[in-house]
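Subject: Structure for you to look at

Hello,

Here is the structure I promised to send. Please open it first, then read my notes below.

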Amino acid sequence: PTAAGTRLVDGVLVVADLSGRFVALDPGTGKELGGYQFPAEAAPAAAVTAFGPGRLFAPLTDGTVLLLPLAELRK
């Protein structure tokens, strides 16, 4: 899948791709810390951004947004 964007948020590198997957990576090692698969047909339209402490804001291709706790990426 093609990446919609990559951004450093709260010390974690977050990669969002057009399949609807969000992956948290350790920026120092590149090791995957966890991920989240968005269950709908929409996908990230752009890179995520911080939205308050411990939360991501992701604009989606259907015009909606996803507010995702960073804790969801570390499961």
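Helices (H or I, at least four residues) and strands (E, at least two) are DSSP runs, numbered from the N terminus. Along the sequence the pattern reads β-β-β-β-β-β-β-α. The radius of gyration is 11 Å, close to the 11 Å that the globule rule gives for 75 residues, so the protein is as compact as a globular protein of that length. That radius is taken over C-alpha atoms, and the rule is 2.2 Å times the number of residues to the power 0.38.

Two notes on the source. This is a predicted model: local features need pLDDT of at least 70, side-chain atom pairs count only at pLDDT 80 or more, and totals for chains, interfaces and linings use all residues. Residues are numbered from 1 along each chain as its sequence is written, and side-chain values use heavy atoms, with hydrogens and water left out.

Next, the overall picture. The C-alpha atoms fill a box of roughly 35 × 25 × 20 Å, taken along the principal axes. Of the 75 residues, 35% are buried. Buried means under 20% relative accessible area, exposed over 50%, and partly exposed in between (1.4 Å probe, protein chains only).

Now one residue. Where is Lys-31? Lys-31 sits in the loop between strand S3 (21-25) and strand S4 (32-37). Lys-31 is exposed, with a relative accessible area of 58%. Leaving aside neighbours within four places in sequence, Lys-31 is in contact with Ala-24, Leu-25 and Asp-26. Contact means heavy atoms within 4.5 Å.

Best wishes
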